[in-house]
Amino acid sequence: MARFIVRRVIAAVPVLLGLSVLLFIFVRLLPGGPASAILGQHATPQRIADVNEALGLTRPLYVQYFEYIGRLLHGDFGSSYVDGTKVVDVFLLRFPSTIELTMGALFFAIGLGIPLGRIAARHSNGLIDGIVTVISLFGISIPVFVLGYTLAFFFGVQLHWLPTFGLADPTLGVPAVTNFPIIDGALASLQGGTTAPFVDAIAHVILPSIALGSIPLAVVTRITRAAVIEVSNEDYVRTARAKGLTEKRVDNRHIMRNAWLPVTTVIGLEAGALLAGAVLTETVFNINGVGSWVVDSIRNHDYVVVQSLVLIFAVIFMVVNLIVDIGYAFLNPRIRYS
Amino acid sequence: MTATAATLAATPRTSRGLWGDALRRLMRNGPALVGLFFIAVFVMGAILAPILSPYDPTVGKLADGYQSPSLAHLMGTDQQGRDEFTRVLYGARISLSVGVVAVLFGLIGGTIVGSIAGGAGGKLDGLLMRFVDVMLAVPGLLLAIVLVSWLGHGELQIMLAVGISYSPMFARLLRGSLLALRESDYVIAARSMGASPVRILVRHMMPNALTPLIVQATLFAATAIIDVAGLGFLGLGPGDPRIAEWGEMLTDASSYLQNYPYLIFFPGAAIVISAIGFNLLGDGLREALDPRLKR
Amino acid sequence: MHLLSVSDLVVRFRTHDGTVHAVNGVSFDLDEGETLGLVGESGCGKSVTNLAVMRLLPRPAGHIERGSAVFEGQDLFEIDESAMRDIRGKDIAMIFQDPMTSLNPVLRIEEQMVETIRAHRKVSTKDARERAIELLGMVGIPQPEKRLRDYPHQFSGGMRQRVMIAMALALEPKLLIADEPTTALDVTIQAQVLELLSRLAAERNTAVILITHDLGVVAGMTRRVNVMYAGFVVETAATSDLFARPLHPYTIGLLHSMPRLDAEEGEPLVPIEGVPPDLRQAPVGCPFAPRCAWAIDRCWADMPALGAMDGVVAIETTGANPTHRVACWNVPTPDEARLAHPDRPGFHAAPAPTVAEIAR
Ligand SMILES: Nc1ncnc2c1ncn2[C@@H]1O[C@H](COP(=O)(O)OP(=O)(O)OP(=O)(O)O)[C@@H](O)[C@H]1O
Ligand SMILES: [Mg+2]
């Protein structure tokens, strides 16, 4: 297992290096270069030259690249051209919200998608199956922001059931300890002896999670349905029934245990959709996460931040996929023992 | 032996039967026809927009603003008094054309890279696939977002950005099928009969490798419509006040969610229905081209 | 009373392209400790017959149209699902053809054996485990304690089939149905596994239904044989009788289409011409008529019942001396059986009736 992980990490290195080169070129090739991105289009050539000098952009490209890589290896992802804040600092502040949001979406997708897929498979080609198929068709066809606003309108504006702004109510004055709104809310609840902060944090994450989770939900439902139908026809399921096992055990142990394999693979593939979808979801629900930061940085032409964030997203994506693959190997003895 | 090899090698080329069969199966597939109908409605709406609506999609009278749906304004009017129905129709022009062209760009790029990699194999294959890996390392829409921010605003830029972000997936898909086909009996038979590598690739392998590509392209058309709207929504759309775009319409309307939800509803529904159309068609194509999948 | 009594079993499948008439009125009896062979071409309904008895037909396509299967006095088709579940694995066990796919790849052998035992006996996991080790040892798996922790892919094909046998015998069933247990194995392994199977069954007085394509296996392993064709039992006899004096033209064809060591000099090796009938058509007449050199007009219209030859009064369906029965209107003579074709001056197989004749 350890070898498997090491091998995967080593395989990721050239990909990340390649991406860093591309991103480096991307910033250099910006129209007018970084300086005019900072100063705006109407900057005088003299000022641009000054800024280029100050940023060290006049030296040979390869020197600049190796310096850039050197800084990255030291955990220095640069600073914003716009407000001078360090990327790492802001990232640590914002990332917990994004994690909370994507986890919520993942819970929603898996928690609902697997039961739906199982029901559909059991009644395959019946009415329930048809309904589930239509739901998943909607799920993959509705953009995060359309669903987000629709949910916000019905459950927020109309019914006043759930909040639609941010991941916590700032008026509650919950102290930021971990920056995870739910964990901070729970801590505040424990200390204050009132459930309000915790409940508030949970309420805030519901609608964004549903909006972000709709595509993975549809995909997980579809794949679960297909996997359960396929596994149900396997010889070993017939063996399990021939042994006199209860239908429940056949379902849970023999069918689901195998159906989890393709489902796990698909969850890994959907991790990318979740990360990218977070950009949109955070914009819809005004969440101060990493996703909305990407959008803000692009709007502000803050390309150092964009460059670093894309790299960080890629790393996160790889880590998530590694975790999924480890989970897959764990579920599949044929991989674990080879 | 030669006779068998010849018939084997000839099988994939009698593909008119295959396509004819697929078309017949598609025409008997209810959901796929519904999808085709949705797409047709939007295509007609886009083409006939000037005939279907007397209004201008980009200029309105402020005095006419915020009207609820009525006979005069089927979908109401927006904050600037522009007719929403007209804007949805003209928006279909952008969404469909940009979405479809973006997928074509991706398909072309992916086909070039994938067929070189899968056809040539060896070092070139390894190099190209590493490049594909690098692009795939940036999750989903994020790649398109970054590319647009780099290429600048405009329709062509969006097509390119979305197309480029899809091309690695097409490349990987095509390369995968080509590698599998390389080991298949009829390709080995053709090779043993001395057919040239290029001829084998073009005549024997590509026609068969294309079917999954076509299915994927149709499904990606749905994703592209959503992604193009997503870019517009994030303020990375065509950025031209003279054209209506569904995603930008949503951004504008989001400020008025409280009082004028229909401004969100209609462009939103347009995106969803057109995406459903392509998804249904894509699933239908997949079943039609691979009858074993029929459930 | 017989251990198992199947009578007039009819099984059909509803599929997209019509109803498949898989089993068309099969009857047979089986006593305790008896070994019954089931032979016939691929697709003739051997597996379906036995899956129907276990009530494990693929759902929702397959269903039992009529008939009964009385096991130890109760009709398996009448009892409720939980009663049937108690019988499966405990009283009737099954071994399938492909040991590569019959064991669940993601569960340890231990779990798959323990769950079988615990589904039927109120024993602790620990005791069930002990029993599993004992069983693995019994089927000849070295280091059973260690191998119990392994997954199926860590066993060879032959070893997996041994595991399947151990699992099937875990609860000392009264009936073991082995559906081509060695078809997927190496020839060298086949004999070992069969030997193991018959020894263990004999030691426990377990009745066995052995499905196979291999007449050699039938000869070596069974006391009695049913020959099936297109969902019918066309001939049944003590194994030695069947080989000595095959009655049905299909059985004769089957015997002549396989090389045998005991074949007499001059016996030709001939394949059976033609293909089995399309089971999507409801059977009319004898399904073998289109391929039969002995066919007479009547064969095209009526399916003969399984009956004894002239002169036999009492029919024994089981036991030491089962009655040799055949479903045929025009039984070949012993000489013809040896020659594998009709030997009557001027005889020609009756051609299929024309549409007009059928209409009449
Ligand atoms: N799930 C199913 N759906 C439709 N038809 C089926 C199904 N399973 C079996 N059949 C049909 O039932 C008939 C009998 O099948 P069965 O599996 O009993 O044959 P068999 O004698 O065991 O053959 P083999 O020697 O190949 O195992 C076949 O013609 C087959 O087409
Ligand atoms: Mg069978």
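Residues are numbered from 1 along each chain as its sequence is written, and chains are lettered from A, with ligands numbered from 1, in the order in which they are written. Because the model is predicted, local features need pLDDT of at least 70 and side-chain atom pairs count only at pLDDT 80 or more, while totals for chains, interfaces and linings use all residues; side-chain values use heavy atoms, with hydrogens and water left out.

In chain C, an open sheet of 8 strands has mixed pairing and the order 6-7-8-3-9-10-12-11, where strands are DSSP runs of E with at least two residues, helices are runs of H or I with at least four residues, and both are numbered from the N terminus. Two strands are taken to pair if DSSP finds at least two bridges between them. The edges of this sheet are formed by strand 6 (92–95) and strand 11 (307–308) of chain C, each of which has a single partner strand, so one side of each is left without a neighbour in the sheet. Helix 7 of chain C packs on the sheet, where it touches strand 6 and strand 7 of chain C, and its direction makes about 175° with that of strand 6 of chain C; contact here means heavy atoms within 4.5 Å, and angles run from 0 to 180 degrees between N-to-C directions, with axes being lines fitted to C-alpha atoms, for helices over the stretch in contact.

Strand 9 (residues 224–229) and strand 10 of chain C run antiparallel, with 6 bridges between them, and C:Asn226 lies opposite C:Thr236 in strand 10 of chain C. These two strands form a hairpin with 2 residues between them, and C:Ala230 in the turn has a positive phi of about 50°. Strand 10 (residues 232–238) of chain C is mostly covered, 7 of its 7 residues being buried, where buried means under 20% relative accessible area, exposed over 50%, and partly exposed in between, for a 1.4 Å probe and protein chains only. Strand 10 of chain C is also joined by 2 bridges to strand 12 (residues 325–326) of chain C, and the two run antiparallel; here C:Thr236 stands opposite C:Arg325 in strand 12 of chain C.

Helix 7 of chain C has 12 of its 13 residues buried, among them C:Arg160, C:Arg162, C:Val163 and C:Leu169. At 1.5 Å a residue, the 13 residues of this helix should span 18 Å, which agrees with the 18 Å between its end C-alpha atoms, the expected span being 1.5 Å times one less than the number of residues.

A further open sheet in chain C has 4 strands in the order 2-1-4-5, with antiparallel pairing, and its edge strands are strand 2 (18–30) and strand 5 (74–75), each of which pairs on one side only. Strand 4 and strand 5 of chain C run antiparallel and are joined by 2 bridges, with C:Phe71 opposite C:Gln74 in strand 5 of chain C. Helix 1 of chain C packs on this sheet, touching strand 1, strand 2 and strand 4 of chain C, and its direction makes about 105° with that of strand 1 of chain C.

Most residues other than glycine have a negative phi, and most peptide bonds are trans. Against this background, C:Asp8, found in strand 1 (residues 4–15) of chain C, has a phi near 50° and is partly exposed at 34% relative accessibility. C:Glu172 has a positive phi of about 50°, lies in the loop between helix 7 (157–169) and strand 7 (175–179) of chain C, and is partly exposed with a relative accessible area of 41%. The peptide bond from C:Arg59 to C:Pro60 is cis, with omega near -5°, and C:Pro60 is placed in the loop between helix 1 (46–54) and strand 4 (62–71) of chain C.

In chain A, helix 6 (residues 127–141) has 15 residues and reaches 21 Å from its first C-alpha to its last, close to the 21 Å expected at 1.5 Å a residue. Its buried residues, including A:Val132, A:Leu137 and A:Ile140, pack against helix 5 (87–122) and helix 9 (196–232) of chain A together with helix 10 (197–233) and helix 12 (262–289) of chain B.
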